[in-house]
Structure formats: structure tokens, C-alpha cells
Amino acid sequence: MADGITKARTGISGFDDLTLGGLPAGRPTLVCGSAGCGKTLFASTFLVNGARDEAEPGVFVTFEERPTDIVDNVASLGFELDALVQQKKIHIEHIAIDPAELAEVGDYDLEALFLRLELAVDEIGAKRIVLDTIESLFSAFQNPAILRAEIRRLFDWLKEKGLTAVITGERGDGSLTRQGLEEYVSDCVILLDHRVHNQVSTRRLRIVKYRGTAHGTNEYPFLIGEDGFSVLPVSSIGLGHQVFEERIASGIDDLDAMLSGGGFHRGSSILLSGVAGSGKSTIGASFAHAACGRGERALYFSFEESEQQTVRNMRSIGMDLQPCIDAGLLNCVASRPTFYSLEMHLAVMLREIEKFQPSLVVLDPISAFMDTGEQLEVQAMLLRMIDYLKAHGITGVFTHLAHLQGEAKTDAGLSSLMDAWILLLNREVHGEFNRELYLLKARGIAHSNQVREFVMSSDGIRLIEPYLGESGALTGSARRFEEARTRRAEVARAADITRLQEKIAQRRRRTEAQIEALNAELEADEIELKSIVVQENAYLDQARTDALEMAASRGTRGS
């Protein structure tokens, strides 16, 4: 490998990522910590996963618990240790040491122990070994010089045999172990810590040293649950996430229409903030319901309501989440913020996300964490969650309870990290509260700047465009009253226009009749004029004829 040493995978979720491959192969690793922090479970998981998944048989050497107790302890985690023992993939060696009996012998060494270990290793061809715990082994040594010599001898023997060893040790005063030497001769030292702060317990892991390779150096929360020992390397998350051009629907058509192109970018972080009762949870559930409608998985983390309460409440607006749950598309995880520490909450949520593999995650509300830690701690935890979702292309919907109406900030200080921000308002107008929605920002998408009335009913969710009157935008009853008044005014205006149109039409008809009468008079005058002209022309013709006849008559008389 590039780091110069070979590593043995532990199979512990998250731990192999922190150590870039696992524990140093063929070398001893010291796992130390106080009582109840998970040392034996860590060692058992390392041994079982090696025998089951890596084809590396192992020997479990216990100086305290009996083999039957060890088998029973790990059975609840799904480890069939007894089956592996029968298959000769794991050998449990119980060595009982009574300091009272050994004290009479005087100075002695561990030669007999090495013989027993060598027989156990050869019996199954072991590649891994666990010694739990080293304090019990050296409890009989009174001479510090012999004690140190035998510790070094034990570690050298493990290296000579090429065994990947995990040695557990109790935490000492001012040192990692009681003897204060094991951490110096070990190639890898892992410190497990179980602390209680504000009545909330947290388990954390830190890699104190790891010779010959790079590794994570921060404290990392780890879980002991039904899936065994798991570590969340949350501090290693960065900004190298994929950006999507694809749009996803919110389940509210009117909201999607407010964004150019319709809908939000996949993989984006969407913040829903507003005072109590403004509809944050409803919109968050709408996102989840829409994802299930597309055949995708959605994970809903609720920190105030149970799963059944959420399902019941959403039915009141015509949104039935139960079929989505029954189909395995929606998973609701409900827990109180005070149930875990902040980092433990993060570890639990990331583990659920990793198990369920959703395309959309809802956290409702993130403001609930403000009472469980300092602002910077809450911000760091949520920042890790945002980065994790982005790194995996998961759309995140975060609701936040605002204390002041229209407050354009969050207690956790995460508004600047969000890709989209929907601000929900409750306004008191004319003696009633009206919900309003404002799309405060949507990175990379042109969007409407209008404040829309937000209406929830049994028919679903609608966003109504506000009535823009002379006194401003009106919503609720004021909007409906103004719209009714406008309609009445429009009806009256239309009636006036119709009446005026009829009056003008009547006047037009009278005028046309008058024009028609005048035209008739003109026609009569023209006829009379034509008659006069005809008569005049006839008279003149007759006069000429008479004149000619008279002239002719006179000429005849002169001859």
C-alpha cells in the first residue's frame, strides 16, 4: 500500500474509513477506556468480522469473563459466536489468574501463557487475536521492572507470530492505561470514552496514534446498537459534492410554479422557517409525500411528534402517509432532542440514512436542538448533516421554529448555507390570522417575489395570489371582501355601460330615422325639380315650334 504498511479490515462501520483500511496487520493495537465504554465489543466485532468476512480465524483470550458469558453478550448483536467456534474459525481461551495464589511463587514470567496462546493459535491457524483485558493478566506482578519487561515481551511475541492483535486496557490516572507502558509499545492506540454532559451520555472514539500511516485525529461519536459497533467519521465530510440540474416537485403545484422551470434542484438544502402553526411540518411532509409518489424513498426525522401523530395530522389536509410507510417508501424516526447528545443524534441520523438510502430527508424541526447544546455545537452538527446529504445527492428539508414574526434568521445560523429558503408568516388582519408564504431565496433559480396566501384545507394546500389594492396586498377575509366589492362594482359598472350603450343605440336609431326622413324629402324635391325641368323643357320646345310655325305662316301671306 502507499502508506507502507498492510492493514486488516475490522468490518466496523466507519472505523475502516477513518484508519484508511483498518488496524495494522501483524501488529498489536491497544484499545483503552473506562469501564462500559465498549472495549470488549470493539474487540469482539474485530474478531468476528475477520473470521466471517476476511477468512482470518481468531483467538479470543479472556482473563475475566467465561466463554459462555462472552457468547451470550454478543448474541444480541447478531454475532453467532458459538457457530464460529464450532466451525473452528474462532477459539475462546479462558485463562483465570488469581493474584493471591501467584503471589507465593515470587518472580515469574509469562512462558506458560505463551505456550497456551501458541497452542490455541496453531489449533485453528489464527491470524487475529484478542486479549481482554491486559490489567487482569499483569495484576499479579509486584515488581515494576518485571512487569515492564513482560509487557514488552508479550508485544514482541505477538509481532513475531504475525498476529493482528487487539489488546484491551482500563484507563489509568494520568495515562491511557494503568501500567502506562502499553500505549508506548503498541503500534496503534485507540481511546474509547463514555462521558455524561447535562445528563446526556455520549460515546466517542479517538485514534491516539497509528504508526506508519495517516488517520483521522478528531473525536468521533460511535454507537453500540442492534447492528453492533459503528463509528461515524463525520468530521471528514467536505464540500466535494455533485450538483444536479434535475428538478423535484414539492407536492404543492402553486409553490413549484413560483420557481422558473418548476420545482427545486435535486440534492439541494431547503429551509422552512416560521412561527408556530405557520405550516412548516405540513410543507415538509408534502416534500416527503411527493418523493414517495415518484417511487423514491423519503426519511422523516421528527423531534416533536410521533409517527402516528404525524400521519393523523397530515390526513386532515388530504395527505395520507400511511400507504407510503406500508410500501416501505417512507420511514418516520421520532425521538426527543434530549434523548441523545448532539453528536450522538448526528450519528444515529447518519446511520439511519445509510441503512434506508433515501433520496429526500426531512428534519423537523432543527430548532429543537438549541436546548441541548451551545449554538456553535448545534451549527457544527447541522453543518455536518448538510454536507453529508449534499455529498450523497440527497435533498434535505429542514424546518425551523422562528420566535419572531418574519424573522429572517435562524438560531442555528444556517440560513446562509441553505440553497432555498421558504419563509412562512402568520398575519393578524381584521381580527383573523392568515398564513402567508414568501420564497426568500432559491439559488440558481429565478423565482417569484410575491407573498402568497397559504391555505390548508381537506383538499390539500393552495397558494393564492394576493389582492393588490390601493391600500396594499390583502389576504384572508379582507381579500375576499375586497374581491366581492370589486365584483359588485364591476357589475354596477357593466350595467351602467350597458345602459349607456342602449341609450346611444336609441339615439343613433332616432338620428338615422331623421336622416332617412330628410333623405325622403330631398328625393321628393329632386323629383319635383325634375318635373319642373321637364315641363320647362317641354314649354320651350313648344314655344320654338310655335314660333317657327308663326314665322312660316307670315311668309306665306307676303307672296
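UniProt annotations may be inferred rather than shown by experiment, and their positions are given here in the numbering of the present chain. The structure considered is a predicted model. For residues 501–535, the unreviewed UniProt entry lists a "coiled-coil region".

Charge on the helical part was examined next. Glu521 is located in helix H16, which covers residues 476–558. Together with Glu523, Asp525, Glu526 and Glu528, Glu521 forms a negative surface patch. Membership of such a patch requires over 30% relative accessible area and no salt bridge, with like charges joined within 9 Å.

Salt bridges were counted over the structure, giving a total of 21. One of the 21 salt bridges joins the side chains of Arg27 and Asp187, with an N to O distance of 3.2 Å. This pair links distant parts of the chain, its members being 160 residues apart. Arg27 is in the loop between strand E2 (23–24) and strand E3 (28–33), while Asp187 occupies the loop between helix H9 (182–185) and strand E8 (188–197).

Because Phe15 lies in helix H1 (residues 15–18) and Phe42 in helix H2 (residues 39–53), the contact ties together parts that are 27 residues apart in sequence.

Two features of the backbone remain to be reported. The peptide bond from Asp364 to Pro365 is cis, and its omega is near -15°. Pro365 falls in the loop between strand E17 (360–364) and helix H15 (375–391). The other feature concerns Leu20, a residue other than glycine with a positive phi, near 60°. Leu20 is placed in the loop between H1 and E2.

Technical notes. Residues are numbered from 1 along each chain as its sequence is written. This is a predicted model: local features need pLDDT of at least 70, side-chain atom pairs count only at pLDDT 80 or more; totals for chains, interfaces and linings use all residues. Side-chain values use heavy atoms; hydrogens and water are left out. Patches are made of residues with over 30% relative accessible area and no salt bridge: like charges are joined within 9 Å, nonpolar side chains (Val, Leu, Ile, Met, Phe, Trp, Tyr) within 5 Å. Accessible areas come from the Shrake-Rupley method with a 1.4 Å probe; for residues, only the protein chains shown count as cover. A salt bridge is a side-chain nitrogen of Lys or Arg within 4 Å of a carboxyl oxygen of Asp or Glu. Lys and Arg count as positive and Asp and Glu as negative; His and the chain ends are not counted. The place of a charge is taken as NZ of Lys, CZ of Arg, CG of Asp or CD of Glu. Helices (H or I, at least four residues) and strands (E, at least two) are DSSP runs, numbered from the N terminus.
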